[in-house]
Amino acid sequence: MKLKTFIVAAAVLLSSANITAAGYQTIIATPYDGEPVKINISDALNTTFDGGDMVFGDTANAKRIALVALKSIHFSTEGITGIEGLDDVSENVTIEDGRVALGNLAADSHVTVYALDGRAVLSAAAEGSYVIDFGALEAGVYVIRYNNRSLKIAVK
């Protein structure tokens, strides 16, 4: 058991230099009991060992995983955004071919698209329906705000 977790941990450390180049965005560590732990991969990601734990991140935002409880580690191309609690706005929203169509907007509606760093990348008055074309935007996660609602969109 200990040899297996050491080998898995060593594989994570040895391959971490190539993770970004391979297109992976997330490490998912699954314990034998409990919920999987998801860690965003970035150039600043530190992986260290403290006692019997593998520690991802800096001291302020570290995620600890006990090596003896570690069932598996795998890499994912899906990132995690940290955005929680966005409204369910599936009604009157259509997503197709890199475009998001918002429907049933009141006459005084305002639509704003934000990048995750807080920049407004699009802002417009709208009425009835409004189509947002994400084709010209960089890959990433955006938040659409309209009529006191929020919608998270991942652009690939």
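Let's start at Thr30: setting aside its neighbours within four places in sequence, this residue is in contact with Pro36, Ala69, Leu70, Lys71 and Ser72. Keep in mind that we're looking at a predicted model. Thr30 sits in strand β1, which covers residues 26-31. Is Thr30 buried or exposed? Its relative accessible area is 18%, and the cut-off for buried is under 20%, so Thr30 counts as buried.

Now zoom out to the sheet around that strand. Three strands make up an open sheet in the order β2-β1-β6, and the pairing is antiparallel. At the edges stand β2 (37-40) and β6 (70-76); each has a single partner strand, so one side of each is left without a neighbour in the sheet. From one strand to the next, the twist averages 20 degrees.

What holds strands of a sheet together, in general? They pair through backbone hydrogen bonds, in either a parallel or an antiparallel way. Here, β1 and β6 run antiparallel and are joined by six bridges.

Next, hop over to another threonine, Thr48, which lies in strand β3 (residues 47-50). Leaving out neighbours within four places in sequence, the contacts of Thr48 are Asp53, Met54 and Val55.

Note on methods:
Residues are numbered from 1 along each chain as its sequence is written. This is a predicted model: local features need pLDDT of at least 70, side-chain atom pairs count only at pLDDT 80 or more; totals for chains, interfaces and linings use all residues. Side-chain values use heavy atoms; hydrogens and water are left out. Helices (H or I, at least four residues) and strands (E, at least two) are DSSP runs, numbered from the N terminus. Buried means under 20% relative accessible area, exposed over 50%, partly exposed in between (1.4 Å probe, protein chains only). Contact means heavy atoms within 4.5 Å. Two strands pair if DSSP finds at least two bridges between them. Axes are lines fitted to C-alpha atoms, for helices over the stretch in contact, and angles run from 0 to 180 degrees between N-to-C directions.
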